[in-house]
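Please read the following note with the sequence and the model open side by side. Each point treats one part of the chain.

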Amino acid sequence: EDILSFKQFSRTLGLHGRMSGETELSELIVSMVDKAQSLGVEIFSGEELQSLPEESVLGRGTYGEVFYLQRFGRELAWKHFFEPKKEQLRVAKELWCYLKLRGSRYVPELIGIHVGNKFSEVRGLIMAKEAPSLEHYSRSTTRRSGRPLPFQDIYPIAVQLVAALQEAHEHGIYHRDLCPHHVLYSKRTSDGYGGVLHLVDFVECRIADPAVCHILNESSESDLPVIRDCIVHGR
């Protein structure tokens, strides 16, 4: 199911035509959380998600850390933002992307949203965990074999990564921060695709949708991608 545009969001909530400045961002977040809830995404408020033990941390980044969860009979990854009030723009970008790409095989399914005392303060996102990072996959594979990843492993990764980026671009989403930590991959041949590949971490992305680009893109942002080490270990 396609998500509604921001203008449709705001009309539904009676907000269209009366928003400006930071209010626009807050109301956009409210409308996205509301839409997510209507799509069956769980909303967690207050302190429902308590601090988890250190051993459950899957990874840490500049703006947050990812915890491992087992809920609803599924393995999940909870991305908790360090300073959600300060980083609401980046939080909003990520939520926008996961809703816009909902149903794509190239992003993990959005399962839940952790909010503060009001819907405009999103503290974290909970996604289905179906694969480890490409960094972890390449390291573990080369460690076991003692040699670089073979072409038959790299080729399906490259094909799916190009397809994932193309799909994101078709929705007006430009990731801009590709690195092995932001690509999840699990080698499964039974699905007919040569494995499961997911793009994650859209906090540095650029949004081209004319309805929201003036809200979600910082005027000081460069159009150039963030340069990271994109080398897959072993090559």
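Which residue in β6 is the bridge partner of I113?

1. The bridge partner of I113 is L125, in β6. The model under review is a predicted one. Strand β5, residues 110–115, runs antiparallel to β6, and five bridges join the two strands. Six residues lie between β5 and β6, which together form a hairpin.

2. Strand β6 also pairs with β4, residues 74–81, in the antiparallel sense and over five bridges. Here G124 of β6 is the bridge partner of H80. Strand β6 itself, residues 122–128, is mostly covered, with seven of its seven residues buried.

3. Helix α5 comprises the 20 residues 151–170; at 1.5 Å a residue it should span 28 Å, and because its end C-alpha atoms are 28 Å apart, the model agrees with that expectation. The buried residues of α5 are D153, P156, I157, Q160, A164, L165 and A168. They cover an arc of only 165° around the axis, and therefore lie on the same side of α5. The face turned away from this buried side carries the exposed residues F151, Q152, V162 and E170. After α5 comes G172, which has a positive phi, near 75°.

4. E204 is buried, yet has no salt bridge. The nearest side chain of opposite charge is that of R90, 4.1 Å away, whereas a salt bridge requires a separation within 4 Å. The side chain of E204 does make a polar contact of 3.2 Å with the side chain of Y63.

Definitions and conventions:
Residues numbered from 1 in each chain as written. Predicted model: local features only at pLDDT ≥ 70, side-chain atom pairs only at ≥ 80, totals over all residues. Heavy atoms only, no water. Helix = DSSP H or I, 4+ residues; strand = E, 2+ residues; numbered from the N terminus. Expected span 1.5 Å × (residues − 1). Buried < 20%, exposed > 50% of the residue type's maximum accessible area, 1.4 Å probe, protein only. Arc of directions from axis to C-beta. Lys, Arg positive; Asp, Glu negative; His and termini not counted. Polar contact = N/O pair within 3.5 Å; in protein donor to acceptor, adjacent residues only side chain to side chain. Pairing = 2+ DSSP bridges.
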